Amino acid sequence: MDFNPGSFLGVLGELRMLGLAAVVGALLGAVFDILRVFRMSFPHRAWMVFLEDFLFVWFFGMVFFLFSVEMLEGSLRFYVIAGMIAGFGIYLLTLGRIISGMFRMAGNIFRKIEKLVMEKLKTVLPAKKFPGKIKKSS
């Protein structure tokens, strides 16, 4: 797209920017979904969740800044950040819920399969026992 914003985009140009910002926000929502799947797959401590969220917000800000530099010649427009946040939110409330629900369901299925396999392995493989008591070395 070739935009030459100058000092005034016009209503049509601003609407295009708003729509493009919403699409970029939805793509950022998809990136956040990858982060959510990662969190579902591996347990996290609170400080790790904080660090991931901090880095994601930093990444979101960098995307906003680069979008403004590339598409608006460096001017910061409120409707652009509002469009990105709206696209992000709409993605998370629609497609994001479906995708994270599918991953949650798949995770539950894999956990049940793992539990069944482990129970079968426990019955098939005898537990190893030590021949005597283990003594502490002084």
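A residue counts as buried under 20% relative accessible area, as exposed over 50%, and as partly exposed in between. By that scale Phe-103, with a relative accessible area of 43%, is partly exposed. The model described here is predicted. The protein has 138 residues, and 26% of them count as buried. Its secondary structure consists of four helices and zero strands, so the order of elements from the N terminus is α-α-α-α.

**The largest pocket**

- The largest pocket holds about 170 Å³ of space.
- Its lining is made of Val-37, Met-40, Ser-41, Phe-103, Arg-104, Gly-107, Phe-110 and Arg-111.
- Two helices, helix 1 (10-41) and helix 4 (95-124), each supply at least two residues of this lining.
- Helix 4 gives the most, with five residues.
- By type, the lining residues divide into four nonpolar, two polar and two charged.
- Phe-103, one of the lining residues, lies in helix 4.
- Phe-103 and Val-37 are 66 residues apart in sequence, while their C-alpha atoms are 7.0 Å apart in space.
- Both Phe-103 and Val-37 belong to the pocket lining.

**A nonpolar patch on the surface**

- Met-105, Ile-109, Phe-110, Ile-113, Val-117, Met-118, Leu-121, Val-124 and Leu-125 form a nonpolar patch on the surface.
- Together, the residues of this patch have about 890 Å² of accessible area.
- Met-105, a member of the patch, lies in helix 4.
- The relative accessible area of Met-105 is 51%, so Met-105 counts as exposed.
- Phe-110 is named in the patch and also in the lining of the largest pocket.

- Side chains of opposite charge can pair when their charged atoms come close.
- The structure holds four salt bridges.
- One of them joins Glu-14 to Arg-77, with 4.0 Å between the closest N and O atoms.
- Glu-14 is in helix 1 and Arg-77 is in the loop between helix 2 (46-72) and helix 3 (78-93), so this pair ties together parts that are 63 residues apart in sequence.
- Glu-14 has a relative accessibility of 27% and therefore counts as partly exposed.
- Arg-77 has a relative accessible area of 16% and is therefore buried.

- Arg-39 and Glu-52 meet through their side chains in a salt bridge, at 2.8 Å from N to O.
- Because Glu-52 lies in helix 2 and Arg-39 in helix 1, this pair ties together parts that are 13 residues apart in sequence.
- Glu-52 has a relative accessible area of 10%, so this residue is buried.
- Arg-39, at 21% relative accessibility, counts as partly exposed.
- A salt bridge also forms between the side chains of Arg-39 and Asp-53, at 2.4 Å from N to O.
- This second pair links distant parts of the chain, with Arg-39 in helix 1 and Asp-53 in helix 2, 14 residues apart.
- Asp-53 is partly exposed, with a relative accessible area of 28%.
- Through salt bridges that share partners, Arg-39, Glu-52 and Asp-53 are joined into one network.

- Gly-25 is placed in helix 1.
- The relative accessibility of Gly-25 is 0%, so Gly-25 counts as buried.
- Gly-25 and Phe-64 are 39 residues apart along the chain, and their C-alpha atoms are separated by 9.2 Å.

**Glu-73 in a loop**

- Glu-73 is found in the loop between helix 2 and helix 3.
- Although Glu-73 is not a glycine, its phi is positive, at about 50°.
- Glu-73 has a relative accessible area of 53% and is therefore exposed.
- Arg-77, the partner of Glu-14, is in the loop between helix 2 and helix 3 as well.

Definitions and conventions
Residues numbered from 1 in each chain as written. Predicted model: local features only at pLDDT ≥ 70, side-chain atom pairs only at ≥ 80, totals over all residues. Heavy atoms only, no water. 1 Å grid on protein atoms, 1.4 Å probe; cavity = no way out; pocket = protein on both sides within 12 Å on 5 of 7 lines; lining within 4 Å. Points joined across faces, edges and corners; volume = space filled by probe spheres on them. Nonpolar A, V, L, I, M, F, W, Y, C, P; charged D, E, K, R; others polar. Patch = residues over 30% accessible without salt bridge, like charges linked within 9 Å, V, L, I, M, F, W, Y side chains within 5 Å. Areas by Shrake-Rupley, 256 points an atom, 1.4 Å probe, with all protein chains shown as cover. Buried < 20%, exposed > 50% of the residue type's maximum accessible area, 1.4 Å probe, protein only.
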